[in-house]
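We'll hop from one stop to the next, and at each one I'll tell you what to look for.

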Amino acid sequence: MEIAIRLQGLVRSYNGTRAVDGVDLEVPRGSILGLLGPNGAGKTTIVRMLATLITPDAGRAEVGGFDVVHEAARVREIVGLTGQYASVDEKLTGRENLLLIARLLGLGRRDARRRADELLGQFHLQDAANRPAQTYSGGMRRRLDLAASLVGNPAILFLDEPTTGLDPRARRDLWRLVGELREQGTTVLLTTQYLDEADALADRIVVLDRGRIIAEGTSAELKERVGGRSLFVVVADSARLDDAAEAIARIVGEGPQARDSTLSVAVTSSAVVPKVLRALDQAEIEVVELGLRTASLDDVFLALTGHAAEATSEMSEEDA
Amino acid sequence: MKALDQTLALAWRSLVQVRRNPWELGDYSIQPILFLVLFLYVFGGAVAGSTEAYLPFVLPGVIAMNMLFVTVYVGHGLNTDLTRGVFDRFRALPIPRWAPLAGRILADLLKQALCIALLLIVGVLLGFRIETSVWEVLAMVALVLVFASAASWIMVLVGVLSRDPEHVQLFGFTALFPVTFVSTAFVPLDTMPAVLQPFVQANPVSLLADASRALLGGGNALEPALWTLVWAAAIAVIFAPLSVWALNRRLARG
């Protein structure tokens, strides 16, 4: 198994806070690794170090066998980077953006034009090719950004929160494109704070919290770590959500996670179901739906860190 | 060779951008013409007795002022790239570290040259007479461009230090207005208060305007031109390393 990306004891601090606090990681060639964590977990900082944009304070990292500090120029020749904030030039058209990157990568005028057209087609941007990128929708912009990072056919691609802020359809579009890259054998390091995204795209998932790796494995392995199943309850009156959470916590022994009017908590036995139902009934809380399902990565995160994955930390400004 | 191609590609990008930014385009075309016409017909009579007498005086002044205003866009564009993530994309590419900056300054010089040409043409249409040879006119254009490239470094620094592009413009123009007006760009030295005169005389805008007047209308251009070059060298020596240092610091931090 060939390793495309290797991190050893990687450390990077911001204003005295360790944004990345000793991360060891290996990504096999041709695979997709999902770096999962909330804002401020250190995901973006890791990507920026791997893309040679910032240097580590300690530890080392190799991309494609090249050291990111001492062989940064070589690293830049084999990687593509799609930032969290679409980093296309808004004043240029989609085609001009791709032409610029192609020219910067040393393609001749004709080759640059051919490559740009190819990517515009592949990313369904032909119709908007001659419009300035500032008129694009969020999804189109992200597609253009991804296309821009693929102009040079990079062997290794960094996708930093590629779908943050996109609507569900645009997300799925982008997922499909990343899936196509996997088939072409591109190694992808993907950061995300969406658990379903890591689940859908990544071969392996590394869970990051406050600059440290707190769990690692396939999506199935991670789900297994929390007992495999979770109980979910949908209450009719969301004003009673807290009461319901309290009742469930008394029986399961752990506070459930709340989202809208749904509560969910990892459980080890199905025996809790009738007990929970009875407790809710006694508390006169009307239940719309109640059942067991395979644990989601949300449950995994809660079980691993003790706090919800979507919680934003005070560092979000630096590492959002 | 490759690095040159890359710099040219980046310069192309800065030029193409202008098309989509009507304000910027206006600042290169409509604004200088507007300034020239306004100054000429509003102040001409008061300052020089007539618009005809004022034109040879004010045209070089407007050229100098416009040159300074255009440099603000170097800082504005750089800051936009920094804050919007475009600069990061470039830095992740296998191109020289200095290429994005070099491309921007190169594009800026082209814009500057076009502005000068435009103002000269409009000036001639309004009745301006070039009294000197082609070489002296070219020397005048070169002098303005040399000073522009030095002044650009100040705006690079402003672009690096500013939080967002709007602040670059705010700071840039606020700083440029007094520098431009406390000079001989629009009015003769002896009409100003005595306390102001030493500043006016030392101001590079005055020196550049005086040199340009002489190079277009005849007279002693050598002294003001040399002092303009000394200023340009001093600005470049201070601000180029300072800007690069500040830029590297900002990049290392992020």
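A quick word before the first stop: domain bounds here come from an automatic or database domain assignment. For chain A that assignment gives domain 1 (3-223) and domain 2 (229-294). Colour those two ranges separately, then look at how they sit: the C-alpha centres of domain 1 of chain A and domain 2 of chain A are 39 Å apart.

Some ground rules. This is a predicted model, where local features need pLDDT of at least 70 and side-chain atom pairs count only at pLDDT 80 or more, while totals for chains, interfaces and linings use all residues. Residues are numbered from 1 along each chain as its sequence is written, chains are lettered from A and ligands numbered from 1 in the order in which they are written, and side-chain values use heavy atoms, with hydrogens and water left out.

**Stop 1: all of chain A**

You'll find twelve helices and 14 strands; helices (H or I, at least four residues) and strands (E, at least two) are DSSP runs, numbered from the N terminus. The C-alpha trace spans about 75 × 45 × 40 Å along its principal axes.

Of the 320 residues in chain A, 55% are buried. Buried means under 20% relative accessible area, exposed means over 50%, and partly exposed is in between (1.4 Å probe, protein chains only). The accessible surface of chain A comes to about 13900 Å², and carbon and sulfur atoms account for 44% of it; such areas come from the Shrake-Rupley method with a 1.4 Å probe, and for residues only the protein chains shown count as cover.

Now colour by charge. Chain A has 38 positive and 48 negative charges, with mean positions 6 Å apart. Lys and Arg count as positive and Asp and Glu as negative, leaving out His and the chain ends; each charge is placed at NZ of Lys, CZ of Arg, CG of Asp or CD of Glu.

**Stop 2: helix H1 of chain A**

Select residues 43-50 of chain A. How many of the eight residues in this helix are buried? Eight of the eight, so the helix is mostly covered. Among them are A:Lys43 and A:Arg48, along with A:Ile46 and A:Leu50. Just after H1(A), click on A:Thr52, which takes a positive phi of about 65 degrees.

**Stop 3: the loop between H5 and S7**

Stay in chain A and go to the loop between helix H5 (138-149) and strand S7 (156-160), where A:Val151 sits. Is A:Val151 buried or exposed? It is buried, because its relative accessible area is 3%. Contact here means heavy atoms within 4.5 Å. Leaving aside neighbours within four places in sequence, A:Val151 is in contact with A:Leu98, A:Ile101, A:Ala102, A:Leu105, A:Arg115 and A:Leu119. Try the distance tool too: A:Val151 and A:Leu99 are 52 residues apart in sequence but 8.9 Å apart in space, C-alpha to C-alpha.

A:Asn153 is in the loop between H5 and S7 as well. A:Asn153 is exposed, with a relative accessible area of 57%, and its phi is near 45 degrees, a positive value in a residue other than glycine.

**Stop 4: A:Glu284**

Next, pick A:Glu284, in the loop between helix H10 (272-282) and strand S14 (287-294) of chain A. Its phi is near 60 degrees, again positive in a residue other than glycine. A:Glu284 is exposed, at 68% relative accessible area.

**Stop 5: over to chain B**

Switch to chain B, which has eleven helices and zero strands. Its C-alpha trace spans about 60 × 40 × 30 Å along the principal axes. Buried residues make up 53% of the 254 residues in chain B. The accessible surface comes to about 11300 Å², with 73% belonging to carbon and sulfur atoms. Chain B has 16 positive and 14 negative side chains, and the centres of the two sets lie 16 Å apart.

**Stop 6: B:Ile235**

Finish on B:Ile235, in helix H11 (residues 222-253) of chain B. B:Ile235 counts as buried because its relative accessibility is 9%. Not counting residues up to four places away in sequence, B:Ile235 touches B:Phe147, B:Ala150, B:Ala151, B:Ile154 and B:Ala240. B:Ala151 lies 84 residues from B:Ile235 in sequence, yet 6.8 Å from it in space, C-alpha to C-alpha.
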